[in-house]
Amino acid sequence: MAAGGAADSLLSGACVLFTLGMFSTGLSDLRHMRMTRSVDSVQFLPFLTTDVNNLSWLSYGALKGDGTLIVVNAVGAVLQTLYILTYLHYCPRKHVVLLQTATLLGFLLLGYGYFWLLVPNPRTRLEQLGLFCSVFTISMYLSPLADLAKVIQTKSTERLSFSLTIATLLTSASWTLYGFQLRDPYIMVPNIPGILTSFIRLWLFWKYPREQDRNYQLLQT
């Protein structure tokens, strides 16, 4: 029993550590924005969608009474909100950013209204909210596939982050094991695509190393 409890705590700690490590990769973008006082080469939508994802999983964790989910996604939501506010501060086209933010937050509020007001049964609410979180997470993991196709087309991995790839692999693997341990498919299943896409990225880093990127660009010029 004690060994099982220690293993559970270790897995929970791994989920917290790896996930916060993945979220903290945005600190390099934050530092870039503050140093250059611009948002050049920084994408806004990943911050926004990750924030919505964190808030959704935070609700699921609160409803389920899962401390690991609560801690990770509460800290993640704070970090993503910080990235969003920094981006908004330095972005010259603030109305576009505000419109995107308002649209997704409105969508999130409608979801809260549905789950908390129109689904009175707690078990049904947990299942439907878990399904929503799962679908949203899967869509986030699959959304960079267009970038991966671009990497193959250009034979360049310049647009990929190796550190983020490793962080995503470790995070997805730990949450998959955590969901398996809890017998919770809503946690386990949506993280499997994260493992698969991470291995695809690692294969691309092996297939098109950075030195080859420079040679390819020289040939193109």
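This is a predicted model: local features need pLDDT of at least 70, side-chain atom pairs count only at pLDDT 80 or more; totals for chains, interfaces and linings use all residues.
Close-up 1. Residues are numbered from 1 along each chain as its sequence is written, and side-chain values use heavy atoms, with hydrogens and water left out. The buried residues of α6 are R125, L129, G130, C133, S134, F136, T137 and Y141; buried stands for under 20% relative accessible area, exposed for over 50% and partly exposed for values in between (1.4 Å probe, protein chains only). Helix α6 itself, residues 122–142, has 21 residues and reaches 30 Å from its first C-alpha to its last, close to the 30 Å expected at 1.5 Å a residue, the expected span being 1.5 Å times one less than the number of residues.

**Close-up 2. Packing of α3 with α5.** The axes of α3 and α5 come within 10 Å and cross at roughly 15°, with axes taken as lines fitted to C-alpha atoms, for helices over the stretch in contact, and angles running from 0 to 180 degrees between N-to-C directions. That angle makes α3 roughly parallel to α5, since angles under 35 degrees count as roughly parallel, over 145 as roughly antiparallel, 65 to 115 as roughly perpendicular and the rest as oblique. The crossing of α3 with α5 is right-handed; a crossing is right-handed if the near helix is turned clockwise from the far one by less than a right angle, and left-handed if anticlockwise. From α3, L45, L48, T49, V52, L55, S56, S59 and L63 meet Q100, T101, L104, L108, Y112 and W116 of α5. By class, this contact has 9 nonpolar, 5 polar and no charged residues, where Ala, Val, Leu, Ile, Met, Phe, Trp, Tyr, Cys and Pro count as nonpolar, Asp, Glu, Lys and Arg as charged, and the others, Gly among them, as polar.

**Close-up 3. Packing of α4 with α5.** Helix α4 (residues 67–90) and helix α5 (residues 94–118) have axes that come within 9 Å and cross at roughly 155°. That makes α4 roughly antiparallel to α5, and α4 passes α5 in a left-handed crossing. Y87, L88 and H89 of α4 meet K94, V97 and L98 of α5, and the residues of this contact divide into 4 nonpolar, 1 polar and 1 charged.

**Close-up 4. Packing of α2 with α4.** Helix α2 (residues 26–36) packs with α4 at an angle of about 25°, their axes being 10 Å apart. That makes α2 roughly parallel to α4, and the crossing of the two is left-handed. In α2, G26, L27, L30, M33 and R34 meet L82, Y83, T86, Y87 and Y90 in α4, a contact whose residues divide into 7 nonpolar, 2 polar and 1 charged.

**Close-up 5. Helix α8 and the residue that follows.** The end C-alpha atoms of α8 are 30 Å apart, which agrees with the 30 Å that its 21 residues should span at 1.5 Å a residue. Buried residues of α8 include T165, A167, L169, W175 and Y178. Just after α8, R183 takes a positive phi of about 55°.

Methods: Helices (H or I, at least four residues) and strands (E, at least two) are DSSP runs, numbered from the N terminus. Contact means heavy atoms within 4.5 Å.
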